[in-house]
Every structure is written in C-alpha cells, then in structure tokens.
Number of protein chains: 4
Amino acid sequence: MVVVMQPQATEEHILDVDARLTAVGFRTQVIYGVKRTVVAAVGDRRVIESLGLEALPGVEKVVPIMKPFKLASREVKEENTVIQVKGATIGGKELAVIAGPCAVESREQLIEAAWAAREAGARFLRGGAFKPRTSPYSFQGMEEQGLKLLAEASELTGMVTVSEVIDEESLAMALDYIDILQIGTRNMQNFRLLKAAGKSDKPILLKRGLSATVEEWLMAAEYVMSEGNQNVILCERGIRTFESYTRNTLDLSAVPLVQGLSHLPVVVDPSHATGKRDLVLPMAMAAVAAGASGLLVEMHPDPSRALCDGPQSLSPREFAQLMEKIRPVAAAVGKTL
Amino acid sequence: MVVVMQPQATEEHILDVDARLTAVGFRTQVIYGVKRTVVAAVGDRRVIESLGLEALPGVEKVVPIMKPFKLASREVKEENTVIQVKGATIGGKELAVIAGPCAVESREQLIEAAWAAREAGARFLRGGAFKPRTSPYSFQGMEEQGLKLLAEASELTGMVTVSEVIDEESLAMALDYIDILQIGTRNMQNFRLLKAAGKSDKPILLKRGLSATVEEWLMAAEYVMSEGNQNVILCERGIRTFESYTRNTLDLSAVPLVQGLSHLPVVVDPSHATGKRDLVLPMAMAAVAAGASGLLVEMHPDPSRALCDGPQSLSPREFAQLMEKIRPVAAAVGKTL
Amino acid sequence: MVVVMQPQATEEHILDVDARLTAVGFRTQVIYGVKRTVVAAVGDRRVIESLGLEALPGVEKVVPIMKPFKLASREVKEENTVIQVKGATIGGKELAVIAGPCAVESREQLIEAAWAAREAGARFLRGGAFKPRTSPYSFQGMEEQGLKLLAEASELTGMVTVSEVIDEESLAMALDYIDILQIGTRNMQNFRLLKAAGKSDKPILLKRGLSATVEEWLMAAEYVMSEGNQNVILCERGIRTFESYTRNTLDLSAVPLVQGLSHLPVVVDPSHATGKRDLVLPMAMAAVAAGASGLLVEMHPDPSRALCDGPQSLSPREFAQLMEKIRPVAAAVGKTL
Amino acid sequence: MVVVMQPQATEEHILDVDARLTAVGFRTQVIYGVKRTVVAAVGDRRVIESLGLEALPGVEKVVPIMKPFKLASREVKEENTVIQVKGATIGGKELAVIAGPCAVESREQLIEAAWAAREAGARFLRGGAFKPRTSPYSFQGMEEQGLKLLAEASELTGMVTVSEVIDEESLAMALDYIDILQIGTRNMQNFRLLKAAGKSDKPILLKRGLSATVEEWLMAAEYVMSEGNQNVILCERGIRTFESYTRNTLDLSAVPLVQGLSHLPVVVDPSHATGKRDLVLPMAMAAVAAGASGLLVEMHPDPSRALCDGPQSLSPREFAQLMEKIRPVAAAVGKTL
C-alpha cells in the first residue's frame, strides 16, 4: 500500500502514518519527493481499513496495492480447482453445460426439458424454484414443490441439478434436493447468504453481481470459502452498462482475467447476459473459445409459453444445434463435450 | 405497449399478437406501415411479461410504455407522503437530518455521537449494528448489542433511530429497538427482505441499489408497499459509474425525477455517495437545493478511529458547521431545519 | 413512434399531436386507454426530431420505434458488404488480420513488424502516424514521415496498410500513402471528419466510441455512407464501464448484434479493449468464435521499448502463436486464415 | 508511482526496474515484502509511460500516484482563475449565467432570446452555429451566418457570446465574431482542436466528455493550457450511465472535486445533463449550491418550434423564474447574480 501525503503534510504527520503501519507489522519506506512525500508499505491488506489512515491529518489518499482476496487467489493455490458432482466435473478438461428453464413451471415442462438437455449432451439441469423478480406482480416460483420436481428429474435422467437459493431458509430447504446451489446476481453481496453457503457441503455457483467488479466478485467467493466451503464456481452473466440493445453486456474478458487471479472455475451464462435468443449461440461459442469451464443456457420446451425469460430461451432443437456448434470450438481449446 | 413486428412478419403473426393482447383486456390497434407493422396496445403492464410476446414468431421487439409501478406512483396518490415518527416528520416542510456513525462501536462512541447530532440540530440518529462488508475480514457489526445501544441512545437524547437490517432475522430483532428500518444498497433487490419489511409497521428507509435504475428502485418500494407498509423513504446514495475519483456518483437529478414519478419522500446520503469528507458539505447543500426531503450524514466522534468509513465521516464540529451552512439553502427552498 | 400523452392531456392536445404527425406523412392511430392516451405513428424516424413533439403541451414522452439508420441497415441491403483491397478482403470467408505497432516509431521498427506480421500470415499492417494521446506530454506520432514509412513497408511486403487519421488535414495527407483509413474511438462522433471520410474513395475502419451505443456507432457509419462511401468497416474495441482491471470492457455481443442490424463487416481489437497482453489471445479467439470478420492486434518488435501501448503489444513470437491458435477456431466458424 | 513485481520476479528484474527509474531522475525505494516486492518511486509522472515498465519481465503492474496534469493543477497555481470578458467575470464572486437557444435558427429567434436572457439578468448569450448531430439527417447549423447573428445580438444587447467550434476551420471563423469559444462533449479529446484553441486568445469553455473521467477532462484542459491559453472554463454537462430516465447523469460532485484539484472555474449545464425541462430548475439550484461558478441553460422563444433540444429548453418566462429561484441559493453560498 502507498500512503500519499498532502504537500503541506508535516514531518509529524508522516511519522504518525509510518508508526501506525509498522505497529501492525507492515514493512515501510518513507520516500521524500520534490512535491510530495509518500509512505510505501508492504503487508496484509486485510488490516489496512482498520487503521483509518485516510482520515488522518496530512494524508491525501491511500492506494492499496495487494489483492484483498486470499483463499480464492491463485497465489495461495496454484492448480485449478476441479469440482466433482455425481461423476460430472467442472473446472477440468470436460466442458460443463448446464441447461434448463428459467423457472420450474410444471412436472411435464421440467421433465421434458431435462430429457432434451440430456439428449443434446448436457450433464447439468438448471431450473429456478425461487425466482427473484423485479416486479412483485410477476411469477415468484414454485418453491419447495419446484425443488422436488428437480430431484425427480434428476432421478429419472441422471442429470446433476443446479438451482438458485435466495435466503438461509430456501438454502436449508434446497440441501435435501439439489446438487449445486446457485447464488444469483442480486444476492452476490448478500453476505449472510454467502456465509450460510460457506457452511454447506454443496458446490456453490456464484453469479457475478450486475455491477460487481472482478475484485468484489472474488471477495464474495472469499466469503463462502472463509466459512470452509472451497467448491465455488464463478459465473459471468453480463454486467450493466449504458448499452441497451442487449439486456446486459457480457464481459468475456473476465474469464481469462479471473483464471489468472484465481484457481476457481468460471462458467458463462450467455442467456441472461444478452437477453436475446439470437445472441445466445455466438456468445456461447465465444465463451468456450475464451476458455470458460462451462455454460449456463436457458432452454424451454416451448419458449413462447415460458413464465419467465421466454425471449432468451432456446427451444430443445435450438439447444441441440448449439451443442453441435460448440463441439469444434471446445476441441480447438482442448476441451471435451 | 407497442409490439414491433419483423418486416417479414405474416398477417397470421400479427393477428396472433393482437389476439393475445385483446384476450387479456388490452385495447389494441394494428398500424400497417410501409416497412413494418406495429401493434399498439394500452392496458395493465403488469401482465405483459406473462404473454411471452417477444418469443412469438414474427415479433421483433416489445416496447413497454406505461410505468410498471402502481402503489408508489403519483398517479395513484397525488399528495406527498409525509412520514411521522415520534413527532419528527420526513417528507413535509421540515428537512429531516439523519446523522451518526457508520457502525455502532461502543456505548461511549454512540452516546457521544447522539448528543453531538442533537446539539447540532439533527433529530434522527443513524448507526449500523449489522454491517454488510465487502470483505469477510472486516468488522461485521455489534448486532443485537448495537441495537440495544441505539435504543438507549434514543432514550437519553430523544433522537429517532435509523438502523440497517440485512435479513428477516435481523429485521425481527430490530423491531424491538429501532424506529426506522434501513434496507441497504446491496439488499435493494433482496425481495424476501423487502416483503418482510412490507409486513412490519415501521417506516422503511430504502437505499437505491449501486446500479439500480430509478424504475427498479421504485419497483423495490412497490414490493414493500404491496405487502401493506406504505411508509417508504427513498434514499439516493450514489450510483456506480466509470468515475473513480469519487466512491460513487451522486445522482441528484433522481431527487426531482422521483418526486415527479412518486409521492414518496426522497433523502440523500452524500457521505456514501462521495466517500470523501471534503465533498460531503457541498453535496449536502446541493441535495437540499435540489429539493431533497432530508439528509443522511456520517458523523463520528473521532473519524480517525472509526471502524468503518472514517475517510468520509465528519467530526462533530464539521457536522455542526454543515448544519449551519445548509440552513439558508433550506430556507431558499422553503424548508425548515 | 409512440407519443404518450399525460393523464391530464386534453382532446385538443391529442389532436394537435396527431395533426403534426399526419402532416409529415406518418400513419397514426390514437388509442384511448383507461389511464392514458397514446398516439401511435409509423413513418420516417428521421423527421421526428424536427417536430418538437416532446415540447408540446399534454405530451409526456415520445418513444421512437424504428431504427434511425438507413444506408447501414440490413433492411436496405441484405447481403454482407465484402470490402476488397489489393486482393485481400474484409467481410467475406477470409478472416482479416490487421497487425502492427501502436505507433510508427522508425523505419527499422516498422519494416521488422511488417515482415513479422506477414510471416505469421497477416495480410494487413497497422501503424499510427497521428496519435491522439490523453496527455500533451506524450509522443504524438511521426505524422507524414510515418505515412511514408507505411507506404514503403507496403511496397516491400505487399501488406495492405491501415492508419488513423485525426482531422481533414491528416486525412488528405493519408490518401496518398494509406490503403484503409482508420477513424479512432475519440473521433467516432467527429462529424466533420466522418463527412470528409465519406467523400474519399478509401475504405474506412470506424472504431466504436468509448461510450457509444451500437445505434450511435451505426449512425456514425451512416455519416460516412451518406456522403457516398459505402466501404465502412466497424471495429469493436471495448467500451468504458466501472470495471478497472481491464482498460475497457470488450463488448463481443456487439459483433453478432451489429451483424444482425447491418450489412457492414465488424472486426475486433482485443489489444485496446483489454490493455493487457495476457488477455489478447483469449479475446482474439473469442472474437473469431463470435463471428468477427477480422482482428486488429498490436504487435511490436520489442514491446518493452514501445513508445505507446507496450503493455498490450505482442512480440512477433507471441503474435505467430496467436495466428496458430485462432486457425482451428476460424475453421470451426467456417472462416479461412 | 509504485511498480508491483510478480511473486516470481528475480532480483535482476527488480534491479532493472530500479535502474530505469533512477536513470530518468526518480527517487526510488525497493521494498521487499513477504509475498511480493514493490519498487516505489517519486518523480515526474509525465515520463512514466515512455519507460515501458509494464512490459518488462517480472513486472505485475504499475500504479501511478501523482496527478498527470500540471498547469491545470491547484498545486501549481493556488488562487482561483477568474476570467474577464467585456466586464463580465467567470470564476469570481459573480455567478455567470449563460443562456440561449441550442441552435441559432434565425435573426428573430436569436435577438428575441438575447433580450429575454438579458432582461432576466443573464450576461452571457449562447447559441450554436455549428451543430454536431448524432444523425446526418438532422439540422447541422447556420455556420458563419449564425456567428454573424451572434455578433449582431451582442452588439444590440451587450451580451457576451459563447458558441461551439468543431474544428480548426470553424474555430478560425469564430475568432472574428465570438467572445468565448466552446469545445463540445464529443470533441473533448479532439486534440488538434484543443491545441488550436490553446493558440487563440479567447477563453475556452471546455465541456466534459460523455464518459470522460475528471482526470481526462483536466488533461484536455492541460492541452489547451500547454499551448499558452490559460483561460479555460470547465463545464460539467452530465456523464453517460445506465440510467435512461435522464439523458445523462449530472455529476455535481465533480464541481467541488475539480475545484479542489484545479484553479479553473467550473460551470454546469443542467439542460443537456437532464434532457428534461422539469429537471432544469432543481438541478440549476443544486449546481449553485454545490459551488458552481456559473450555469449554461438552454432557453428558446418557442421551445415547441426549436430545431434542436426543444424538450429541454426553457421558455423566456420559465428562464426568468429560474433566475429568481437561484438568487437566494447564490446568496447562501456567497455569490451575486
């Protein structure tokens, strides 16, 4: 970290900063410049905040240098984390494809989707039982009944299930039915929920917040990991920008960026990112080429009857085509489907 | 709403859209253009989504026109909502000033802050007992003990208390101690929490999400109101942009904008918005001039020892100066302090 | 377009709006809703603005529906535009790779870069002679001398040259030396320059503005085309967002999106988008998979001595590896290298 | 500046960085941390870029610390710059109000606007003769004829004129007619134009770019000043964000922020920032309260007939009311009207 002193800072101010830093074990150096003096320090960033340096007289600003995340960092664990669930893997050589409807709507709809996903070659089934909706007047999900249907679909098809939990109560409920627990965009910084997820023994699929920096996203993973659960799957699903043609802006550069900073697997959701069916295929292909460990794709037996996200849901036929199209791209980056 | 058909849409496609809309009570008109046909419809926007129009063959896009919020809308309730708590008001002629530390740290710190706030003329005391922190390694709050200290401070000073709740459990706990419940930026779309707040009988101070549009913000208020609690106070606290000199970008135009769209009071938090002590005063003055119903200001007996947000916290002396400075601005817009 | 009337709008207000629209040849329909009346109209969006509808009494807002661009639109020209320069093509089956240094620094540096690019399989050479720099104290380019070196490099290697012009003067100068004229991010809405480019007979490579919407970007192309020059190549190079780990956020969804809206070719610049050498390769692969017509890649004989953009420039060896890596991805999307 | 070395950086890498920095006169310190080594250096930031440090082996990143602007900085010139034009001042005790139509449309329209502005108490008249428009099909301005009308209006009313120039040619033309030259949002980084403006002897009103950081904005001012013209007026006019209810998001915190960083005056344009007539007044009042040195307000004799920006233009009556409303706010911050 570097503490930049104000031009008018006194020697006393400088020594006070230096003293506070050395007191907590930082290695410091005071550098007297022509216009300004800076105090450079190397140590555990996690304690910086508690020092209140920026509020001290004579201090202009504090520039952190080291990364704030530890357990999620590749510096702490070099080799990639590969997550195993019921024989399927995420983070390894196999491309993990998670497909299914935005929301579980009925037994028939879900089972049909599950078979279609499996036949096309996907090994993971997604379906929302608890739906965080922008409007209180929208369909909110089948809740426990939806979870039961997912468990049944898994029974029948052998698919690994992924479903969103939205609070400690729904998380506790999902533990009995679901293989991988999803924490959605709007809850990426719901720290209570992250801690509860950290205490569970299920892999956590953590979506990036709508306007979360990569650093905040990794800090959210750190919350889960700091409670003991090391099986976190990061999911890039688009960030909010000024562009309104697409629902969000898919930040694919986050894939190699996070892979450099962290050992955790990163998957991509082209459906929510674009909000447009026509863009799902090209963005899925791009995600695979960028090195993503997997895809999260919305697929519905009849998109025009979907209770949510119909416009971005693929039909079973379109999904099967997507699987065919990404095969050669996966091969080009050394992955299997 | 307007449904724009693709150039190649057939008459059958057009009629299908028209039929689906009239079936749910929309008044429709098909307009045949040279290049394109559009189906215009007027009706309850809340049902649009369930029609899956965008997923229909021949449909290019759906452009909603009416606003999605109802209870929060000024069209439903013309006169301003004025919230009364222990003789203080928010939304009326009186400018509501809420001051106090980011986090409750100790009895001494809180009581000292409460007296300082009161002596300077504030009638509301803020203090966080449950702190959502980006890092799991940061101070997380005193929880129930903090709530008790707030209740005690209120007893002693007669200040109305405001404190953040982060889940249903902390909300239930806060009901016994706190006058106004705050729902923070990160929880603006924590819909479970919003519904629980809607079932309580305490006023809710709802902060705008870091990247929430005004419409999403009002829809969050709609969640609370649709459960029966009409006492919602909206708080603009800065949105996330590319500018990094300030912590966030304070969107003051949201104040008159929301006042036009809704009858709910809007207050402004210049401390979190800027993250810089020097900017708190000018932005507080600007907020009052823009017509805000109140201010939320971080003040700490000793900012350099604050366990959170020291850099943006005012000292008691600085806060007293702020109160003096905003008085004439409040007068200029017909408000009293 | 739809004109939404205020709830209190009078019949007179409504008829005034209707009259103004029909007067300029729009087909209109007035739809009387329960809460509100809207006037829907279909016609040439280009004249809307001149009607001043939003400033009329009784009007709440005007919602445009049709796209504002014409010549750039796929509705006007269905088949892809394929640009031919000295036997090379952009927009067809062949993937166009444009490589070279950020700035032309010397004869030796440029010639070395040109041969390295050609040996690796690229057919286009880029190099800046006029450098728009954020700081007046940074290297501003070799200007005409740089253009001459590009022409010489083209002579020697047979590479097609691409170089940025920053005003009418530099454009006029470049006409004598350069094959494809680039208009940079900061000049995307320099309308004088766009018009001048539209009068030239050289293909124009038009970079997307730092915060330009896809619609504004296509309107900039419309400026060039409306002056007669139909050979516009669009270049996605990243947009500005809150994320600071990367220099910009590469918006790859813009590639298929623009391909749907327009017949113009779209190429991608992963170097400026990311600003980080390690991210150039994965983003180049992703761009090809997304269906881009080509790539713009910064390559320098000795990045650590580059006068600009060293951190994102590939060495000749790294560039050769990139060409090898993208070959199978190009094949997967039916393109040749 | 701080150079953060990679964990695997060798002593040789570290010494190389150190050597390059000391070679150009930086004072350096190598700090060996447990996980990482950093090289801290204090010196002239303007040369950093030319060192190519980030491209060196062993270097993880370079963190600049000092500000890149000099002439615009308050560290170089402490007292506020007060600009005098024809007896009026900008940057002093007097609040500078610049009013007039978006575009000069006719002699009658302009003269009427000029008298209305003067009668309401404004001393500066704005009007566009060269209009940068998003669409090539929109009105592009009266050009030289418009400049002549502005000069005539100034003759008649004694108003100080402000008008936008868009390239070196229009700038040269404007020198004969206009008192203050405006450089618009889209040209904030048109460096050729900035340099030309720096060579003129007229004050330059420099609008902030649509997505320009405060630092980039001040660097643009630095371009003008580095050519000799120290009379730069900065104009905040809203930045681009995800919020679409308003045309842009007015960043009022930029006012006190820039006043802290620079000695140049800052004025605010609430008309372009909001794009909505109803928001102009409250944002004008907020701007004054925030400490702005002046306002730029669009006013048209008949907004519904305006050839551009009608929806955000005030009528003469509305403008007169605005002047009345801001008077007490100006008084509250010690300014006169």
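1. Let's start with a ring pair in chain C of this predicted model. Tyr223(C) has a relative accessibility of 0%, so it counts as buried. Phe191(C) is buried too, at 7% relative accessibility. The two rings sit with their centres 4.5 Å apart and their planes at 25°; planes under 30 degrees apart count as stacked, so this pair is stacked. As for where they come from, Phe191(C) belongs to helix H5 (residues 191-199) of chain C and Tyr223(C) to helix H6 (residues 214-226) of chain C, so the pair ties together parts that are 32 residues apart in sequence.

2. How many aromatic pairs are there over all chains? The count comes to four. One of them is formed by Phe191(B) and Tyr223(B), a stacked pair with 4.5 Å centre to centre and 25° between the planes. This pair links distant parts of the chain, with Phe191(B) in helix H5 (residues 191-199) of chain B and Tyr223(B) in helix H6 (residues 214-226) of chain B, 32 residues apart. Phe191(B) is buried, with a relative accessible area of 7%, and Tyr223(B) is buried with a relative accessible area of 0%.

3. Now for how the copies are arranged.

4. Within chain A, the domain assignment gives domain 1 (2-63) and domain 2 (83-332). How far apart do the C-alpha centres of these two domains of chain A lie? The separation is 44 Å.

5. Helix H10 of chain C is worth a careful look. At 1.5 Å a residue, its 17 residues (316-332) should span 24 Å, and the end C-alpha atoms are 25 Å apart, which agrees. There is a bend in H10(C), though: a kink of about 30° at Ile326(C), shortly before the proline Pro328(C). Ile326(C) is also one of the buried residues of H10(C), along with Phe319(C), Leu322(C), Met323(C), Val329(C) and Ala330(C). What covers them? From chain C, the cover includes strand S7 (96-100), helix H2 (107-120), helix H9 (277-289) and strand S14 (294-298). Chain A contributes as well, with its helix H9 (277-289) and helix H10 (316-332). After H10(C) comes Gly334(C), with a positive phi near 75°.

6. Helix H7 (residues 254-261) of chain C is mostly covered, with six of its eight residues buried. Those six are Ala254(C), Val255(C), Pro256(C), Leu257(C), Val258(C) and Leu261(C). Which elements do the buried residues of H7(C) pack against? In chain C they meet H6, strand S12 (232-236) and strand S13 (266-268), and from chain A they meet H9.

7. Two non-glycine residues with positive phi deserve a glance. Lys86(A) has a phi of about 45° and sits in the loop between strand S5 (83-85) and strand S6 (88-90) of chain A. Is Lys86(A) buried or exposed? Its relative accessibility is 53%, so it counts as exposed. Glu143(B) has a positive phi of about 50°; its place is the loop between strand S8 (124-126) and helix H3 (144-157) of chain B. At 34% relative accessibility, Glu143(B) counts as partly exposed.

8. Last one: Arg46(B), in the loop between strand S3 (37-42) and strand S4 (59-63) of chain B. With 31% relative accessibility, Arg46(B) counts as partly exposed. Leaving out residues up to four places away in sequence, Arg46(B) touches Pro68(B) and Lys70(B) in chain B and Tyr137(A) in chain A. The C-alpha atom of Arg46(B) is separated by 8.5 Å from that of Phe69(B), 23 residues apart along the chain.

How values were computed. Residues numbered from 1 in each chain as written. Chains lettered and ligands numbered in written order. Predicted model: local features only at pLDDT ≥ 70, side-chain atom pairs only at ≥ 80, totals over all residues. Heavy atoms only, no water. Helix = DSSP H or I, 4+ residues; strand = E, 2+ residues; numbered from the N terminus. Expected span 1.5 Å × (residues − 1). Bend = angle between axes of the 7 residues up to and from the residue. Buried < 20%, exposed > 50% of the residue type's maximum accessible area, 1.4 Å probe, protein only. Contact = heavy atoms within 4.5 Å. Domains from an automatic or database assignment. Phe/Tyr/Trp six-rings, centres within 6.5 Å; stacked < 30°, edge-to-face > 60°.
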